[in-house]
Amino acid sequence: MRKLKNNELERLNVEEFKEATKTPLIIILDNIRSLNNIGSVFRTADAFLIEKIYLCGITAKPPHKDINKTALGATDSVAWEYVENTEELIAKLHEEGVVTVAIEQAENATMLNDFNIEKEKRYAVIFGNEVKGVQQKVVSMVSNVVEIPQFGTKHSLNISVSAGVVVWDLFAKLKL
């Protein structure tokens with residue numbers, strides 16, 4: 001077996017990405033403090049043709065060298081917008097019929113592997129601060145709370161890892 005070279009991967013260029021049909025999935029970053037995490041989420045969003053990223057609260061915005069370091073250009077391909085208040089954004093998305101999903105450990109949360117989606121709907125997944133998680137006010141507003149099953153000693157995954165796990169799972173459920 002031979003590793004493929006980058007020019008053999010047949011990836012979209014930025015203009016083709018912008019014109020491509022997107023996965024009906026929005027990512028909301030709620031007060032993410034790590035610039036590297038933000039950049040990593042942009043890269044994941046690019047990989048799965050995500051519709052848009054919303055950066056909320058203290059979450060930094062491109063252009064920034066530390067975001068760019070991990071995004072590797074994905075800030076140019078993926079649509080994004082800064083919205084200061086996450087709660088106002090959630091309310092607006094509800095008005096648009098978007099199903100909102102907080103990725104959090106909470107009472108009565110649905111485990112990711114048990115979370116069923118309706119393919120004709122649009123979804124927004126909210127990832128919270130590295131220490132405090134998704135704000136309780138936001139958790140109280142969302143359509144669903146989904147938890148990533150974990151079996152070891154740690155209480156959580158890094159936000160960029162969580163985003164990769166959740167986005168892949170929802171992408172697979174929407175596309176396959």
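1. Start in the loop between strand 4 and strand 5, where you'll find Asn-108. This is a predicted model, and Asn-108 has a phi near 60°, a positive value in a residue other than glycine. Most residues other than glycine have a negative phi, and most peptide bonds are trans. Asn-108 is exposed, with a relative accessible area of 77%.

2. Asn-31 is worth a look too: its phi is likewise near 60°, positive in a residue other than glycine. Is Asn-31 buried or exposed? At 17% relative accessibility, Asn-31 counts as buried, because the cut-off for that class is under 20%. You'll find Asn-31 in the loop between strand 1 and helix 2.

3. One more backbone item: the peptide bond from Pro-62 to Pro-63 is cis, with omega near -5°. Pro-63 belongs to the loop between strand 2 and helix 3 (65–71).

4. What is the strand order? Reading across, it goes 3-2-1-6-4-7-5, an open sheet of seven strands with parallel pairing. Strand 3 (80–83) and strand 5 (110–111) are at the edges with a single partner strand each, so one side of each has no neighbour in the sheet.

5. Strand 1 (residues 23–30) and strand 2 (residues 50–56) run parallel and are joined by six bridges.

6. Helix 2 (residues 35–47) lies across strand 1, strand 2 and strand 3, at about 165° to strand 2. Helix 5 (residues 86–95) lies across strand 1, strand 2, strand 3, strand 4 (99–103) and strand 6 (123–128), and runs at about 160° to strand 1.

7. Helix 7 (residues 159–175) has 17 residues and spans 23 Å from its first C-alpha to its last, close to the 24 Å expected at 1.5 Å a residue. Its buried residues include Ile-159, Ala-163, Val-166, Val-167, Leu-170, Phe-171 and Leu-174, and Asp-169 is also among them. An α-helix has 3.6 residues a turn, so residues three or four places apart point the same way. What covers the buried residues of helix 7? The cover includes strand 1, helix 2, strand 2, strand 4 and strand 6.

8. On charges, the count comes to ten salt bridges. Arg-33 and Glu-130 form one of these, at 3.8 Å from N to O. That pair links distant parts of the chain, 97 residues apart: Arg-33 sits in the loop between strand 1 and helix 2, and Glu-130 in the loop between strand 6 and helix 6 (136–139). Arg-33 is exposed at 54% relative accessible area, while Glu-130 is partly exposed at 24%.

9. Lys-52 and Glu-81 also meet in a salt bridge, at 2.6 Å from N to O. Here, too, distant parts of the chain are linked: Lys-52 is in strand 2 and Glu-81 in strand 3, 29 residues apart. Glu-81 counts as partly exposed, at 32% relative accessibility.

10. Last, Asp-66 forms a salt bridge with Lys-65, with the closest N and O atoms 3.7 Å apart. Asp-66 is partly exposed at 21% relative accessibility, whereas Lys-65 is exposed at 65%. Elsewhere, salt bridges that share partners join Glu-51, Lys-92, Glu-96 and Arg-122 into one network.

Notes
Residues are numbered from 1 along each chain as its sequence is written. This is a predicted model: local features need pLDDT of at least 70, side-chain atom pairs count only at pLDDT 80 or more; totals for chains, interfaces and linings use all residues. Side-chain values use heavy atoms; hydrogens and water are left out. Two strands pair if DSSP finds at least two bridges between them. Helices (H or I, at least four residues) and strands (E, at least two) are DSSP runs, numbered from the N terminus. Contact means heavy atoms within 4.5 Å. Axes are lines fitted to C-alpha atoms, for helices over the stretch in contact, and angles run from 0 to 180 degrees between N-to-C directions. A salt bridge is a side-chain nitrogen of Lys or Arg within 4 Å of a carboxyl oxygen of Asp or Glu. Buried means under 20% relative accessible area, exposed over 50%, partly exposed in between (1.4 Å probe, protein chains only). The expected span of a helix is 1.5 Å times one less than its number of residues.
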